[in-house]
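Good morning, and thank you for the time. Please have the model in view.

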Amino acid sequence: METYSPEEVKKIIGMLSSINAKVKKTKGDEPTKLEKQIGYLKQRLKFFNPTKKMLGYIINQAEHSKVKLDPVLLEKLKNEFIKKG
């Protein structure tokens, strides 16, 4: 299991928040999966232990958005995803 510093988790939150800011939301909608993920990460700054599904989601967002994640952190996420395979 990899360990993630609060700074690394904040980088992930920043990337996801930037993506979320570009998604249009109408008033009264339920929180999106992205918003739920951001909320979860904010609660887990000191101890972030992602599931394989969560890692896949974050990696997918990082690779397919214009907002880029720190390459070293992205590689760390990918390595953990492979280990959990």
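Let us begin with Gln61, which touches Met15, Leu16, Ile19 and Leu34, leaving aside residues up to four places away in sequence; contact here means heavy atoms within 4.5 Å. Before I go further, this is a predicted model, in which local features need pLDDT of at least 70 and side-chain atom pairs count only at pLDDT 80 or more, while totals for chains, interfaces and linings use all residues. Residues are numbered from 1 along each chain as its sequence is written, and side-chain values use heavy atoms, with hydrogens and water left out.

Gln61 lies in helix 3; helices are DSSP runs of H or I with at least four residues, numbered from the N terminus. Is Gln61 buried or exposed? Its relative accessibility is 17%, so Gln61 counts as buried; buried means under 20% relative accessible area, exposed over 50%, and partly exposed in between, with a 1.4 Å probe and protein chains only.

One of the partners of Gln61 is Ile19, which lies in helix 1. Ile19 is likewise counted as buried because its relative accessibility is 11%. Ile19 touches Leu34, Gln61, Ser65 and Val67, again without residues up to four places away in sequence. The C-alpha atoms of Ile19 and Lys66 are separated by 8.2 Å, although these residues are 47 apart along the chain.

I turn now to the two helices themselves. The axes of helix 1 and helix 3 come within 11 Å and cross at roughly 60 degrees; axes are lines fitted to C-alpha atoms over the stretch in contact, and angles run from 0 to 180 degrees between N-to-C directions. The two helices are therefore oblique to each other, a class that holds whatever is not under 35 degrees (roughly parallel), over 145 (roughly antiparallel) or 65 to 115 (roughly perpendicular). Helix 1 contributes Ile12, Met15, Leu16 and Ile19 to the contact, and helix 3 contributes Ile58, Gln61 and Ala62.

Finally, helix 2, residues 33-43, has Leu34, Gln37, Ile38 and Leu41 as its buried residues. Why do they lie on the same side of helix 2? They cover an arc of only 100 degrees around the axis, taken from the directions from the helix axis to the C-beta atoms. On the other side of helix 2, Lys36 and Gln43 are exposed. The cover over the buried residues of helix 2 includes helix 1 (6-22) and helix 3 (52-64).
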